[in-house]
Amino acid sequence: LKASEQTTVDKEQFLLLEDLYETVEKHQELLDKNIHNQVMLTHVEKQLEKALADIEELKDKVRKNGTH
């Protein structure tokens, strides 16, 4: 390739690399957010399970009070 053609190719490659870098950064941000969302969902799921267990315990106590 001639020097002028090489410069054009280099510029195109640089632009492509720059675009790929930005795309990878955006994907990494999305992954980080999704990991955080998964942690939050797991935490809420555990809280809901505990709340349901507490509700069942309270219902049992109410039933026992009605039989005395």
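These are my notebook entries on one predicted chain, from its overall form down to single side chains.

**Ground rules**

I am working with a predicted model, in which local features need pLDDT of at least 70 and side-chain atom pairs count only at pLDDT 80 or more, while totals for chains, interfaces and linings use all residues. I number residues from 1 along each chain as its sequence is written, and I take side-chain values from heavy atoms, with hydrogens and water left out.

**Overall form**

I began with the secondary structure and found 1 helix and 0 strands in the chain, where helices (H or I, at least four residues) and strands (E, at least two) are DSSP runs numbered from the N terminus. The radius of gyration is 29 Å, well over the 11 Å that the globule rule gives for 68 residues, so the chain is more spread out than a compact globule. For this I took the radius over C-alpha atoms, and the globule rule is 2.2 Å times the number of residues to the power 0.38. Along the principal axes, the C-alpha atoms fill a box of roughly 100 × 10 × 10 Å.

Thr8 is found in helix 1.

**Surface**

How much of the chain counts as buried? I found 0% of the 68 residues in that class, with buried meaning under 20% relative accessible area, exposed over 50%, and partly exposed in between (1.4 Å probe, protein chains only). Thr8, for example, counts as partly exposed because its relative accessibility is 41%. The accessible surface of the chain comes to about 6700 Å², and 62% of it belongs to carbon and sulfur atoms; such areas come from the Shrake-Rupley method with a 1.4 Å probe, and for residues only the protein chains shown count as cover.

I also noted a nonpolar patch on the surface, formed by Leu48, Leu52 and Ile55, with about 280 Å² of accessible area together. Patches are made of residues with over 30% relative accessible area and no salt bridge, with like charges joined within 9 Å and nonpolar side chains (Val, Leu, Ile, Met, Phe, Trp, Tyr) within 5 Å. Leu52 lies in helix 1, which covers residues 3-67, and counts as partly exposed at 47% relative accessibility.

**Charges and salt bridges**

I looked up the charged side chains next, and there are 10 positive and 15 negative ones, with the centres of the two sets 11 Å apart. Lys and Arg count as positive and Asp and Glu as negative, while His and the chain ends are not counted; each charge is placed at NZ of Lys, CZ of Arg, CG of Asp or CD of Glu.

How many salt bridges are there? The count comes to 4, where a salt bridge is a side-chain nitrogen of Lys or Arg within 4 Å of a carboxyl oxygen of Asp or Glu. I followed up these among them:

- Asp54 pairs with Lys50, their closest N and O atoms being 2.9 Å apart; the two are 4 residues apart in helix 1, so about one helical turn separates them. Asp54 is partly exposed at 32%, whereas Lys50 counts as exposed at 53%.
- Lys59 pairs with Glu56 at 3.2 Å between the closest N and O atoms, and these residues lie 3 residues apart in helix 1.
- Glu57 pairs with Lys61 at 3.6 Å between the closest N and O atoms, and both lie in helix 1, 4 residues apart.
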